[in-house]
Amino acid sequence: MSNQVSFAVAHRRYVASLYKRALKTSLNWYIFRELWRPKALEIRSRFEANKNVKSFKHLKSILEETEAELFRFRHPDPYKYPTAPDGTKWERNYPPPLFKS
């Protein structure tokens, strides 16, 4: 019984991770939120449509297709927040170290 619970938790986290990656990938292509929102709703509806799948074989094929689609639609130059590592403002105007006298 414990093994089934841990599988369910791991599966739930994996699907949530896929959903988040799909949204982030779509944000790389649709910069403006008013253009992105319909795409986010489409992604949500696709995940909701497969919510009650019980067959492991069918579930495995759905997850593999989703991974392949994420790989196929990845952006060649994904958006990075300016202050994030490798962003345009990363460590710009970084405060100098304080010297103890």
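Reply: What follows is a conversation about this predicted model, taken topic by topic.

Me: OK, and which residues make up the largest nonpolar core?

Reply: That core has eleven residues, namely Leu18, Ala22, Leu23, Trp36, Ala40, Ile43, Val53, Leu59, Ile62, Leu63 and Leu70. Helix H1 (2–29), helix H2 (33–49) and helix H3 (56–72) each supply at least two residues of the core, and the largest share, four residues, comes from H3.

Me: Pick one of those for me: what does Leu18 touch?

Reply: Leaving out residues up to four places away in sequence, Leu18 touches Phe47, Leu63, Thr66, Glu67 and Leu70.

Me: About Phe47, then: is it exposed or only partly exposed?

Reply: Phe47 counts as partly exposed, because its relative accessibility is 23%, and the cut-off for buried is under 20%.

Me: And how many aromatic pairs does the structure hold?

Reply: There is one aromatic pair in the structure, and it is formed by Tyr19 and Phe47 in an edge-to-face arrangement, with 5.2 Å centre to centre and 75° between the planes. Since Tyr19 lies in helix H1 and Phe47 in helix H2, the pair ties together parts that are 28 residues apart in sequence.

Me: Switching to charges, which rings have an arginine over them?

Reply: Arg33 lies over the face of Trp36, at 5.1 Å from the ring centre, and Trp36 is also one of the core residues. The charged end of Arg74 sits over the ring of Phe71, 3.9 Å from its centre.

Me: What does UniProt list for residues 15–70?

Reply: The UniProt record, an unreviewed entry, lists residues 15–70 as "domain: Complex 1 LYR protein". Over that stretch the chain is 84% helix and 0% strand, and the end C-alpha atoms are 13 Å apart.

Me: Last one: where is Pro96 found, and is it buried or exposed?

Reply: Pro96 is found in the segment after H3, and Pro96 counts as exposed because its relative accessibility is 63%.

Conventions: Residues numbered from 1 in each chain as written. Predicted model: local features only at pLDDT ≥ 70, side-chain atom pairs only at ≥ 80, totals over all residues. Heavy atoms only, no water. Core = buried A, V, L, I, M, F, W, Y, C linked by side-chain atoms within 4.5 Å. Buried < 20%, exposed > 50% of the residue type's maximum accessible area, 1.4 Å probe, protein only. Contact = heavy atoms within 4.5 Å. UniProt positions renumbered as here; feature names shortened; annotations may be inferred. Phe/Tyr/Trp six-rings, centres within 6.5 Å; stacked < 30°, edge-to-face > 60°. Lys NZ or Arg CZ within 6 Å of the ring centre and 35° of its normal.
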